[in-house]
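Hi,

Here is the structure I promised to pass on. Have a look at it first, and my notes follow below.

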Amino acid sequence: MDLRIATLFIFSLLISTNRAFDPCASQSDGSDISVFPTYGKCSPFEPPKADSWVNTVMKMASKDPERVKYLASLGSQKKVVSAPIASGQQLFNLANYVVRVQLGTPGQTMFMVLDTSNDAAWVPCAGCTGCSNTAFSTNTSSTYGSLDCSVPQCSQVRGLSCPETGSVPCLFNQSYGGDSSFTATLVQDSLGLGADVVPNYHFGCISSVSGGSIPPQGLLGLGRGPLSLLSQSGSLYSGVFSYCLPSFKSYYFSGSLKLGPASQPKNIRTTPLLRNPHRSSLYYLNLTGISIGRVLVPIAPEHLAFDPITGAGTIIDSGTVVTRFVEPIYTAIRDEFRKQVKGPFSTLGVFDTCFAATSEAVAPRVTFHFTGLDLVLPMENSLIHSSSGNLACLSMAAAPNNVNSVLNVIANLQQQNLRVMFDVANSRLGIARELCN
């Protein structure tokens, strides 16, 4: 074979091989969509200045208290009259995962944050004040349509500001993440997810932003309220989705979002989903206990009990970084963990139980006991290491101590490399081990 032809053949083979293994390429299967860490290679967002992925996680986890307070306020009957507004610095501080979607016709690419604790989707639109440079252009989409206050969907939006009479745009204001807010108008357009298209998808078209926690290219609500993706897609996905979140360490890799029942694991252990009628979008679970090694941690039942009136109980959330327990539960977990691990102990960022990594071999497994399901956390989901590698820390923390501190949150650090299935139609949640990276 001619040397030049052989060289071209090998070069073409390398290109095709690289494309075949490109973690950032869109999946061809419409029910399987890539999920990227916010600061991964496939995401357009630049990470905060940090010298390691651990420091980046620390910075992201520092926003957890505001997130948990925000979730606790959603789960309570008490109406939030006002929310703190930050100075307007537009640094993306929330640790989340993003998916690539196509919005409008022709499709405009947006990297939207997955949020299981919110219903409505929203994106920054052209001309938005305080938004990032990437915005959805309504003028170039042939399927775009505005909605006024007379449509039924308008009454389903939180923060609605419609007059009692008259036909005006469906305008609403919302807080998000505990320190930010935005103003938007409810509109509709086509939403492309892989090979699937959801026509006439209702979402918020953001016109102004204040604070630093609003996802710069929008949010895709995966809650179970009337404006969520599950509700609006109807029979297309039959109220079922799952995700596998890659580790924050997996800079070059992606996880996946599977939509619809056909692509879900056949053998998966499940636990019932509980419903809070005062905040139906939150995914409550019946956490019955926690074990450290072989020891069932002594926890008063009232700290685990689900109470729809106060919002108390345990939820699973894609937007919180570190699992948070109310103070009595976390203290009991921490104390039992320390009994079984050789000290001394120190603190690192939000983590207060750090020890020499040389003692990691004796670190016990952490097990979450749910109704019908025991989740034994992989060691990489219960421990996090310092950037130097000489410290290992229990990667959980206490919930912020405020008036609404009644909510336990199973966060995304503890969900990594697990297939988590939300079967809303049958009110159940499934969890199975899977290498997402």
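C128 and C131 are joined by a disulfide, with their sulfur atoms 1.8 Å apart; a disulfide here is a pair of cysteine sulfur atoms within 2.5 Å. The torsion about that S-S bond is about 45°, so this disulfide is right-handed. C128 has 15% relative accessibility and therefore counts as buried (buried is under 20% relative accessible area, exposed over 50%, partly exposed in between, with a 1.4 Å probe and protein chains only).

Before you go further: this is a predicted model, where local features need pLDDT of at least 70, side-chain atom pairs count only at pLDDT 80 or more, and totals for chains, interfaces and linings use all residues. Residues are numbered from 1 along each chain as its sequence is written, and side-chain values use heavy atoms, with hydrogens and water left out.

Back to the cysteines: the structure holds six disulfides. Another one links C244 and C436, whose sulfur atoms are 1.6 Å apart. The C244–C436 link is left-handed, with -70° about the S-S bond. C244 sits in strand β10 (residues 240–244) and C436 in the segment after β27 (428–433), so the pair ties together parts that are 192 residues apart in sequence. Both of these cysteines, C244 and C436, are buried. (Helices, H or I of at least four residues, and strands, E of at least two, are DSSP runs numbered from the N terminus.)

Then there is C354 with C393, a disulfide with 2.1 Å between the sulfur atoms. This C354–C393 link is right-handed, at 105° about the S-S bond. C354 belongs to strand β19 and C393 to strand β23, so the pair ties together parts that are 39 residues apart in sequence. C354 and C393 are buried as well.

Four strands make up an open, antiparallel sheet in the order β18-β19-β23-β22, where two strands pair if DSSP finds at least two bridges between them. At the edges are β18 (346–348) and β22 (383–385), each pairing on one side only. From one strand to the next the twist averages 45°. (Axes are lines fitted to C-alpha atoms, for helices over the stretch in contact, and angles run from 0 to 180 degrees between N-to-C directions.)

What packs on this sheet? Helix α6 (residues 327–340) does, touching β19 (351–356), β22 and β23; contact means heavy atoms within 4.5 Å. The direction of α6 makes about 10° with that of β19. As for β22 and β23 (residues 391–394), they pair over three antiparallel bridges, and H385 stands opposite A392 in β23.

Cheers
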